[in-house]
Amino acid sequence: MSDSEILRATFTKCKFHNTNFSRAVVQESDFSESDFKFVFAHGADFQSSNFISAVIAFSDFSSANMEDTDFTETKISDTNMGKGSLINAIMTDAVLSNVDLKEVNMSSADVSRVTANDVSLWGADLTGAIFRTAKFTNIYLESSDLSNADFRDTVITGSYFNSTVLNRTKFNNSKIEN
């Protein structure tokens with residue numbers, strides 16, 4: 001599927017194992033409840049697609065365009081999504097474990113109620129993102145921009161905020177500890 005153009009396709013409850021989506025344009029498509037393992041999607045364009053309740057593991061979505069994409073209740077583990085675009089993405093109730101989101105643009109994303117463990121957001125643009133009632137353990141936010149982000153009612157444990165921009169960031173009722 002690399003270099004393919006796929007628009008408004010439905011792939012619900014599909015298995016994508018060892019699949020190559022590199023540089024493919026797969027916009028406005030539905031991957032709800034699908035299973036992705038060992039998928040290579042470097043530089044792919046999944047803008048405005050749905051990954052609701054999908055499972056993504058051991059995959060590479062680096063430099064992918066996932067703007068306006070819905071990851072509600074998605075489980076993402078051992079996956080590289082660094083240097084991609086997740087502007088306005090929805091990740092409510094998602095579970096992230098060992099995910100590389102370095103230098104990703106997640107401005108205005110809704111990441112409410114996410115549970116994240118061992119996730120790198122180093123150098124990420126998280127301006128205006130919503131993280132309300134999220135649970136973070138070992139999150140690396142070093143050199144990230146969290147201006148106007150909403151972390152109210154969030155639990156943050158063992159995480160790093162070195163050289164991070166926190167202008168007008170809301171942490172009301174949050175628990176932050178090392």
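This note goes through the fold, the overall dimensions, the surface and the aromatic side chains of a predicted model.

1. On overall dimensions, the C-alpha trace of the protein chain spans about 45 × 25 × 25 Å along its principal axes. The radius of gyration is 15 Å, which agrees with the value near 16 Å that a compact globule of 178 residues would have.

2. On contacts within the chain, if one takes those with a separation of 6 or more, residues 24 or more positions apart account for 0% of them.

3. On burial and surface, 46% of the 178 residues in the protein chain are buried, while the chain exposes about 8,000 Å², of which carbon and sulfur atoms supply 43%.

4. On aromatic side chains, a search of the whole structure finds 22 aromatic pairs. In one of them, F46 and F61 are tilted, with 5.7 Å from centre to centre and 50° between the planes. This pair links distant parts of the chain, as F46 sits in the loop between β4 (35–37) and β5 (55–57), whereas F61, 15 residues apart from it, sits in the loop between β5 and β6 (75–80). Both F46 and F61 are buried, and they belong to one aromatic cluster whose members also include F11, F16, F21 and F71.

Conventions: Residues numbered from 1 in each chain as written. Predicted model: local features only at pLDDT ≥ 70, side-chain atom pairs only at ≥ 80, totals over all residues. Heavy atoms only, no water. Rg over C-alpha atoms; globule rule 2.2 N^0.38 Å. Buried < 20%, exposed > 50% of the residue type's maximum accessible area, 1.4 Å probe, protein only. Contact = heavy atoms within 4.5 Å. Areas by Shrake-Rupley, 256 points an atom, 1.4 Å probe, with all protein chains shown as cover. Phe/Tyr/Trp six-rings, centres within 6.5 Å; stacked < 30°, edge-to-face > 60°. Helix = DSSP H or I, 4+ residues; strand = E, 2+ residues; numbered from the N terminus.
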